[in-house]
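Here is a short tour of how the parts of this structure meet. Have the sequence and the 3D view open as you read.

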Amino acid sequence: MTTVATETKTLERDADGHIKNISDWNEQIANALALEEGIPVLTERHWAVINFMRKEFQEKGDAPSIRRLTKESGVETKELYALFPKGPAKKAAKIAGLPKPKGCI
Amino acid sequence: MKKLLILGAGTAGTMMLNKLHGMLDKNEWQITIVDQCETHYYQPGFLFIPFGIYTKKDVVKPKRDFFPSDVDVIISEIDKIEPEQNRVLLKNNVVLTYDYLIIATGAKINPAQTEGMKDGQWHKSIFDFYTIEGACALGNFFKHWKGGKLVVNITEMPIKCPVAPLEFVFLADWYFTERGIRDNVDIHFVTPLPGAFTKPRASSILGDFLNKKNILLTTEFNIARVDNEKKAIVSWDETEIPFDVLVTIPTNMGDEIIARSGMGDELNFVPTDKGTLRSLNYNNVFVLGDATNLPSSKAGSVAHFQADILTENFMNVIEGREPSEKFDGHANCFIESGFGKGILIDFNYETEPLPGKFPLPGVGPFSLLEETKMNHYGKVMFRWMYWNFLLKGLEMPIESHMSMAGKRM
């Protein structure tokens with residue numbers, strides 16, 4: 001665990017704490033970023049959301065808003081908030097190694 | 001004759017009409033503007049109605065007062081835009097064709113997006129102040145209210161005029177103090193944002209104002225539903241906040257026309273180039289004001305700065321050049337803070353609101369991110385500027401691009 005935590009510290013971050021370089025991201029880093037957000041373990045459901053976000057970002061160039069997530073990821077709003085407490089779109093984007101969604105101004 | 005069609009005669013559409021009308025050759029261009037409603041509302045004035053500062057008559061004028069006489073004005077609802085065919089279908093069965101289209105159909109509140117919001121208590125103990133009906137209903141309610149829990153809640157971003165909810169709680173503090181019942185009123189500001197405002201510096205300074213004025217702040221609250229039995233708002237993670245009166249800023253969405261036309265995102269906002277203001281999908285379509293999906297504030301001042309940029313770009317495009325001007329996300333907002341004072345903020349896409357003097361560096365007369373009487377006079381004077389200069393497309397003494405001069409880092 002220490003090695004991963006150390007690794008995330010050396011990653012370049014933007015003003016919102018999101019990693020700057022998408023290519024720096026891997027699953028281990030996702031786990032460490034999740035810990036920072038108070039999520040101890042990433043379950044299969046977390047990964048469904050994270051993978052959806054990464055796919056959307058590659059296709060559209062922006063991380064999806066909470067509305068898009070609910071509509072298209074197959075995960076209901078209620079569950080999204082249970083998985084990523086307080087701010088699902090923002091937290092999931094951070095863990096997925098993406099910039100903060102544009103909608104979150 | 002070439003045809004320019006403008007959809008929407010609100011702040012953005014009317015300004016754009018007046019600017020382009022002055023630029024385009026009348027022998028070559030036929031300009032048409034369409035709106036469903038004959039009345040122009042001064043929307044920044046809605047904020048003052050619940051506190052009895054303005055009444056309905058202070059915020060309405062006929063739209064026709066602001067149209068040049070040789071423009072075709074059509075009052076009708078719009079059915080849909082068919083951008084592939086360069087035409088617009090109206091609800092009255094008229095079909096309009098265009099060479100260039102400017103979409104300025106705005107944004108509006110959609111309370112039905114939140115479960116329970118409109119089930120019974122709407123405009124009884126749950127109010128909005130983003131419509132003339134909501135603002136007037138709340139004004140009538142406050143007149144006879146004896147006090148209790150007042151909760152002001154932003155449902156989700158983006159919203160029109162993101163500072164208005166803060167102004168609302170500042171004015172409520174002042175209003176109930178004047179009425180002598182402030183001790184009986186708990187004012188609670190509940191927001192999905194991590195702080196009092198969208199940008200960090202302003203958020204911390206405005207947060208201090210809330211504290212000083214004894215207004216309770218709850219952040220990162222994402223409303224899932226209204227519990228009408230318990231009279232409480234409930235978040236997605238089942239936190240409940242009880243209210244006696246709820247002032248909600250419901251989900252803001254673009255017009256249904258945009259959805260019917262298949263031209264919008266999930267909130268019916270039109271994907272727009274954030275610099276040129278051209279539609280991302282159609283080269284002869286431009287988008288202005290609240291109708292865009294830009295990450296700028298949805299506000300009249302923003303529409304005004306955009307209108308300057310779009311005028312330049314529109315002239316470039318019709319003369320066969322590429323759009324040259326780039327919108328920088330500039331916004332300028334007077335924040336009424338109660339007791340005859342106000343706060344001013346000035347920012348853009350890249351630069352958050354900073355302290356300083358405005359518009360003349362070191363001189364003012366307005367102070368940025370500070371509470372002064374002069375800022376309040378600026379806000380009061382603005383209504384006059386709006387009717388007499390802004391809507392008519394006349395020059396205002398503020399640059400379209402944000403300036404760093406006078407700002408302190």
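Which residue forms a salt bridge with D58(B)? The partner is R383(B), with the closest N and O atoms 3.8 Å apart. A salt bridge here is a side-chain nitrogen of Lys or Arg within 4 Å of a carboxyl oxygen of Asp or Glu.

## Ground rules

This is a predicted model, where local features need pLDDT of at least 70 and side-chain atom pairs count only at pLDDT 80 or more, while totals for chains, interfaces and linings use all residues. Residues are numbered from 1 along each chain as its sequence is written, chains are lettered from A and ligands numbered from 1 in the order in which they are written, and side-chain values use heavy atoms, with hydrogens and water left out.

## Inside chain B: domains 1 and 3

Chain B is split into domain 1 (2–106 + 255–318), domain 2 (110–251) and domain 3 (332–390), with bounds from an automatic or database domain assignment. The C-alpha centres of domains 1 and 3 of chain B are 26 Å apart. Where these two touch, domain 1 of chain B brings 21 residues and domain 3 of chain B brings ten; contact means heavy atoms within 4.5 Å.

About 1,500 Å² is buried between domain 1 and domain 3 of chain B, and carbon and sulfur atoms give 66% of that. Buried area is the accessible area (1.4 Å probe) that two parts lose on being put together, summed over both. On the domain 1 side, Y42(B), F48(B) and K274(B) lose the most area to domain 3, together 30% of what that side buries.

The rule finds one salt bridge across this interface. There are also six residue pairs in polar contact, both at pLDDT 80 or more. A polar contact is a pair of N or O atoms within 3.5 Å; within protein, one must be able to donate a hydrogen and the other to accept it, and residues adjacent in sequence count only if both atoms are side-chain atoms.

## Where chain B meets chain A

Now for the two chains: 16 residues of chain B are in contact with twelve residues of chain A. Together they bury about 1,400 Å², with 51% from carbon and sulfur atoms. Seven residue pairs are in polar contact between chain B and chain A, both at pLDDT 80 or more.

Three salt bridges are found across the interface of chain B and chain A. One of them joins E266(B) and R68(A), at 3.4 Å from N to O. R67(A) also forms one with E156(B), with the closest N and O atoms 2.7 Å apart. That pair runs from helix α4 (residues 66–72) of chain A to the loop between β12 (148–154) and α3 (164–178) of chain B; helices (H or I, at least four residues) and strands (E, at least two) are DSSP runs, numbered from the N terminus. R67(A) and E156(B) are both buried, where buried means under 20% relative accessible area, exposed over 50%, and partly exposed in between (1.4 Å probe, protein chains only). Shared partners also link E56(A), K60(A), R68(A), E72(A) and E266(B) into one salt-bridge network.

## Salt bridges within chain A

The whole structure holds 29 salt bridges over all chains. Within chain A, E79(A) pairs with R45(A), the closest N and O atoms being 2.8 Å apart. E79(A) is in helix α5 (residues 77–83) and R45(A) in helix α3 (residues 44–60), 34 residues apart. E79(A) is partly exposed at 26% relative accessibility, and R45(A) is partly exposed at 35%.

E12(A) and K20(A) meet too, at 3.7 Å from N to O. E12(A) is exposed, at 53% relative accessible area, and K20(A) is exposed at 52%.
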